Amino acid sequence: MCRTTSHGPGTLLGGPESMTDLFVRELTEGIAGTGIKAAFLKCAIEDELTPGVERVMRAVAQAHLRTGAPITVHTSAHAQTGLTAQEILRSEGVDLGAVVIGHSGDTSDPDYLHRLIDNGSYLGMDRFGEQIAPNWHYTHLHDHVLPALLQAGVTQAQLDTMLVDNPRRYFSPAKS
C-alpha cells in the first residue's frame with residue numbers, strides 16, 4: 001500500500017500529511033531524484049469536492065506556503081469548481097493571486113468569471129488549440145486568436161499584460 005494512501009489526515013493510520021513534503025522536495029530538490037525541479041504546483045477538482053481531492057488541495061496549499069511556488073488548479077467551469085478550489089486554498093492561507101483557475105475559458109458565464117477574478121486569481125484560458133478543436137495546430141493562438149482580439153478592440157498593451165506581465169508576475173517568487 002502506498003504511504004500517501006495509508007498515512008496522513010483522514011486515512012486509516014492518520015498522521016501528518018506526507019504529500020506536502022513530497023511536493024516541497026519536487027520543487028526544491030527535483031522530481032524523483034532527477035534534479036529537475038517543478039516550476040509550480042498543480043491540483044485538480046472536477047465536478048465535486050471529494051475527501052481525497054480536498055486532501056491533495058490542502059497539501060498543495062501547504063507546499064505553496066513553504067516554497068512560494070505558484071498553483072494551477074484544473075477545474076470544471078460547468079460545475080464552477082474554481083470557487084470551491086479558491087475556498088480551500090484561501091482557508092489554508094494561500095494568497096489567491098498566486099493561483100490560476102484552469103479551464104476558465106470553458107464557460108461564457110461572466111458572473112462566475114468575475115467572482116474568480118474578484119477573489120484574486122488568474123483565469124486560465126488554456127484550451128486554445130486542443131486537438132478536439134477544429135482549428136487545432138500549434139500556432140492557432142498567434143495566427144488567429146490574437147489578431148481577432150486586436151480586431152475586436154483589445155489593445156497591444158492589454159495583450160502584453162495577458163501574455164507577458166501576468167505570467168512574469170505569476171512565476172516570480174512569492175514575497176514573504
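The side chain of threonine 81 has a polar atom 3.1 Å from the backbone oxygen of glutamate 46, a polar contact (a pair of N or O atoms within 3.5 Å, one able to donate a hydrogen and the other to accept it; residues adjacent in sequence count only if both atoms are side-chain atoms). This is a predicted model, where local features need pLDDT of at least 70, side-chain atom pairs count only at pLDDT 80 or more, and totals for chains, interfaces and linings use all residues. Residues are numbered from 1 along each chain as its sequence is written, and side-chain values use heavy atoms, with hydrogens and water left out.

**Around threonine 81**
- Threonine 81 is found in helix α4 (residues 81–91); helices (H or I, at least four residues) and strands (E, at least two) are DSSP runs numbered from the N terminus.
- With 2% relative accessibility, threonine 81 counts as buried (under 20% relative accessible area; exposed is over 50%, partly exposed in between, with a 1.4 Å probe and protein chains only).
- Beyond its neighbours within four places in sequence, threonine 81 is in contact with residues including Ile45, Asp47, Thr75 and Tyr112, where contact means heavy atoms within 4.5 Å.

**The sheet**
- Four strands form an open sheet in the order β1-β2-β3-β4, with parallel pairing; two strands pair if DSSP finds at least two bridges between them.
- β1 (41–44) and β4 are the edge strands, each with a single partner, so one side of each has no neighbour in the sheet.
- β1 and β2 (residues 71–74) run parallel and are joined by 4 bridges.
- Across this pairing, leucine 41 stands opposite isoleucine 71, and lysine 42 opposite threonine 72.

**The largest pocket**
- The largest pocket has a volume of about 850 Å³.
- A pocket is an open set of points on a 1 Å grid over the protein atoms alone, where a 1.4 Å probe fits, with protein on both sides within 12 Å along at least five of seven lines; lining residues have an atom within 4 Å of a point.
- Among the elements that each supply at least two lining residues are β3 (99–102) and α6 (140–151), while α7 gives the most, with 7 residues.

Key: Points joined across faces, edges and corners; volume = space filled by probe spheres on them.
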